[in-house]
2 protein chains.
Amino acid sequence: MATATSSVADICRAAKRAAATLARTQTETKDAALLAIAQALQSRSEQILLANEADMTAGEQDGMDAALLDRLRLDEARISAIAGAVRQIAALPDPVGEVVEGKRLPNGLDVRKVRVPLGVVAVVYEARPNVTIDAAALCLKAGNAIVLRGSSAAQHSNAALAQLAAEAVVASGLPEGAVSLLRGGDRAELGELATQRESVDLIIPRGGESLKEALQLLATVPVIYAASGNCHVYVDAAADLEQAEAIAINAKVQRPGVCNAAETLLVHRDVAAEFIPRLLPGLAACGVLVRGDARTLSLASGGEGGRDALAPAGELLLESAQQSDWATEYLDLVLAVRVVDSLAEAIEHIGRYGSGHSEAIVTRDRDAARAFQLGVDAACVYVNASTRFTDGGEFGMGAEIGNSTQKLHARGPIGLRELCTTKYLVEGDGQIRG
Amino acid sequence: MATATSSVADICRAAKRAAATLARTQTETKDAALLAIAQALQSRSEQILLANEADMTAGEQDGMDAALLDRLRLDEARISAIAGAVRQIAALPDPVGEVVEGKRLPNGLDVRKVRVPLGVVAVVYEARPNVTIDAAALCLKAGNAIVLRGSSAAQHSNAALAQLAAEAVVASGLPEGAVSLLRGGDRAELGELATQRESVDLIIPRGGESLKEALQLLATVPVIYAASGNCHVYVDAAADLEQAEAIAINAKVQRPGVCNAAETLLVHRDVAAEFIPRLLPGLAACGVLVRGDARTLSLASGGEGGRDALAPAGELLLESAQQSDWATEYLDLVLAVRVVDSLAEAIEHIGRYGSGHSEAIVTRDRDAARAFQLGVDAACVYVNASTRFTDGGEFGMGAEIGNSTQKLHARGPIGLRELCTTKYLVEGDGQIRG
């Protein structure tokens, strides 16, 4: 692996040289390299845990909060899980060489569009050290060299993991430079990485808004921005309300801190009087604060199953929604709730406030389902299922390196195919153009 | 159509509203609109020609050179050709709704990845007024609204064509705002267009390097940069030399001013002594200036079929190549020629100097062909055919809006599919994530 004293440009150039070889490396060699990484993770777990301990100690001394410390922490079980994910990636079909489409032209030329690696992929990430291995495994399987840049908070863990991966792949016959780790932590380095147009084909940031904003200013290399998710569940007039309740709660609470969790619930007025008083106790039981529009508040405080039922012992789990709530990605146990007059109003609301990530309708009405799927412009549009399924693993892509809400190249989970480009192979017998 | 007094932002917002309707418009309605454009082109040709005459007169007064004036000029035959291209696009399969992939997940969710329109596509172009109609027809067929920005030199022609298209599509039932034309000509307007992230999904520039550079500085909207093409023909040791000669000449001279024309010829040393003296008279007859490396010059000036044969009457069609020639896209009757020691050296040369557009090998050796196709990183890699076939029309895509040498989203001809994105449609029966 490139040493910490190499320049960013040197590391990226070495990655580009490695990429040329990787692009022609057979699947079985790449898979053997991934299995070697998985093996090394387990045989060298002590060393990884020691490095992680150094990061944890520094984090505690710096006053890092408990949630971040938990993201940073590795243990035997987590290392096993990382190794398991690598083995799963090894078991996936190789996207490289897949024929996407092909035909014979009238002049006899045979044209095939085939998937080929992108080349060099840089992944810039924060905190969680497992990304080091996940990202490396996905990129290598797709035939790409990877340049990793983690945060300084995880520097020892990342260095141990990247070192191990780099050694394992070289021992398996992949080229030097296939996996490298930048020092991390300073903005000048990010700027240098983001402008290596000659050698880096794609940057994928995995981190907060400040990282994205920095890249938007700095990057001349193409970037796929992983998504923020302002996701909605719409309960239609024709919803099965039991199903709707389960989906709304699951979409909100099963893992509220991730991008495919729901942030706003829209309820058709025809079922609002029954559904909202029914749903709110369940949300309250999960600790969810509801920010409701006027109709929601009114339904919650009056009528059967009203406010008393859901806010026992004076606990206030209900507030009035502000305009800004519709545009907020809480990533927390907070849910905005609005009653709408029609399916069209729900679609319009989602069009205005949604981030194009994952949107769900709950309905038994076939026309409503179809209108929602056609009318909502998002990466994933669900009928009668939780938004939480937007995930490379859930979609059978094996793993993902993020979720794209942009429309170009990749929309939705970024898996092996999305880490590739295509090439037209054209074969003839001397054809010239007339 | 939006008037010239509307702001860029207003026009783009109107296009976004139109796009929401267009995305749900049926194929037969879109096709009828295209046929109405084709019809209007012919029934209103007099009006178009009058507008074009105004541009031609202004161009002559401004001292525009003959080549540019020819690109600007319309006549009945050219208008017929434009109408014919629109009819061809109408006859193509609709990319919208195409299921790209799909499966049932273990939990019973049915997942389909379907093609959907991008939304609003802006096309920024120079000189040739036919682009107004070509681009509009392609974008509309793919369900996108289009915002056009031509050059001031073609302003009257573009206005007449865009007006006609906008009227024809509205008369056919497509929404207002589906086709709009910006005033064109000033840099501030380009900057405004290039930052309409809320409403514009993609900008495609069709013009020279200065336009691309301007967009690289200005654009926050995604851009697909149409290609420059430094394309190579490599004549392998095992080439059929008759075929090689025909391909090399075709790739250079059939239309030298376009991006898929060859700029450098690489010749394996084993056939150079036979091939170069054989080829040069043919190139000279077509008026091609050869910039050769030392071995090429030596072969051309000595031996059988040498220099005397190819530069009759003292005409000098042979110069010494400089280092910079290998990186130059001449777009003219100039060809750089280099003798290489091996296939590997040819691949390396192309890797260093090529722009990733179109690269060809001429060989009867199956292993050489395969190594070249695997080893050359370009949008289109040819065996025994001219590079001139890289074209949406030739590839059976009907038409193209440019040729991409970038690796993300679209690589090669940008046709109807490349003017789309995808959306995952997920259908369930109440699935929630455990």
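Helix H7 of chain A covers residues 155-171, and its 17 residues reach 24 Å from the first C-alpha to the last, close to the 24 Å expected at 1.5 Å a residue. The expected span is 1.5 Å times one less than the number of residues in the helix. Helices (H or I, at least four residues) and strands (E, at least two) are DSSP runs numbered from the N terminus. The model is a predicted one, in which local features need pLDDT of at least 70 and side-chain atom pairs count only at pLDDT 80 or more, while totals for chains, interfaces and linings use all residues. Residues are numbered from 1 along each chain as its sequence is written, and chains are lettered from A and ligands numbered from 1 in the order in which they are written.

Of the 17 residues of H7(A), 13 are buried, so the helix is largely enclosed by the rest of the structure. A residue is buried if 20 or more other C-beta atoms lie within 10 Å of its own, exposed if 12 or fewer, and partly exposed in between, with C-beta atoms placed from the backbone. Just after H7(A), A:Gly173 takes a positive phi of about 100°.

Strand S6 of chain A (residues 202-206) has 4 of its 5 residues buried, so this strand too is largely enclosed by the rest of the structure. S6(A) runs parallel to strand S3 of chain A (residues 120-125), and 5 bridges join them. Two strands count as paired if DSSP finds at least two bridges between them. Within this pair, A:Val124 stands opposite A:Pro205. Strands of a sheet pair through backbone hydrogen bonds, either parallel or antiparallel.

The contact between the chains takes 47 residues from chain A and 48 residues from chain B. Two residues are in contact if their C-beta atoms, placed from the backbone, lie within 7 Å. On the side of chain A that touches chain B, helix H10 (241-253), helix H15 (366-375), strand S13 (380-385) and strand S16 (420-431) each supply at least two residues. S16(A) gives the most, with 11 residues. By class, this side of chain A has 23 nonpolar, 14 polar and 10 charged residues. Here Ala, Val, Leu, Ile, Met, Phe, Trp, Tyr, Cys and Pro count as nonpolar, Asp, Glu, Lys and Arg as charged, and the others, Gly among them, as polar.

Strand pairing also crosses from chain to chain. S13(A) pairs with strand S16 of chain B (residues 420-431) in the parallel sense over 5 bridges, and A:Cys380 stands opposite B:Tyr424 in S16(B).

An open sheet of 10 strands draws on both chains, in the order S1(A)-S2(A)-S16(A)-S13(B)-S12(B)-S7(B)-S8(B)-S11(B)-S9(B)-S10(B), with mixed pairing. Neighbouring strands are turned by 20° against each other on average, direction ignored. Axes are lines fitted to C-alpha atoms, for helices over the stretch in contact, and angles run from 0 to 180 degrees between N-to-C directions. S1(A) pairs with S2(A) (residues 110-117) in the antiparallel sense over 5 bridges, with A:Lys103 opposite A:Val111. Helix H11 of chain B (residues 269-285) packs on the sheet, touching S7 (231-235), S8 (262-268), S9 (289-292) and S11 (334-340) of chain B, and its direction makes about 140° with that of S8(B). Helix H14 of chain B (residues 343-353) also packs on the sheet, touching S7, S8, S11 and S12 (358-362) of chain B, at about 140° to the direction of S11(B).

The largest nonpolar core has 81 residues, and those with the most contacts inside it are B:Ile37, B:Val86, B:Val123, B:Ile146 and B:Ala165. Helix H7 of chain B (residues 155-171) gives the most to this core, with 9 residues. Apart from it lies another core, of 80 residues, among them A:Val86, A:Ala165, A:Ala168 and A:Leu190. A nonpolar core is a set of buried Ala, Val, Leu, Ile, Met, Phe, Trp, Tyr and Cys residues joined through C-beta atoms within 7 Å.
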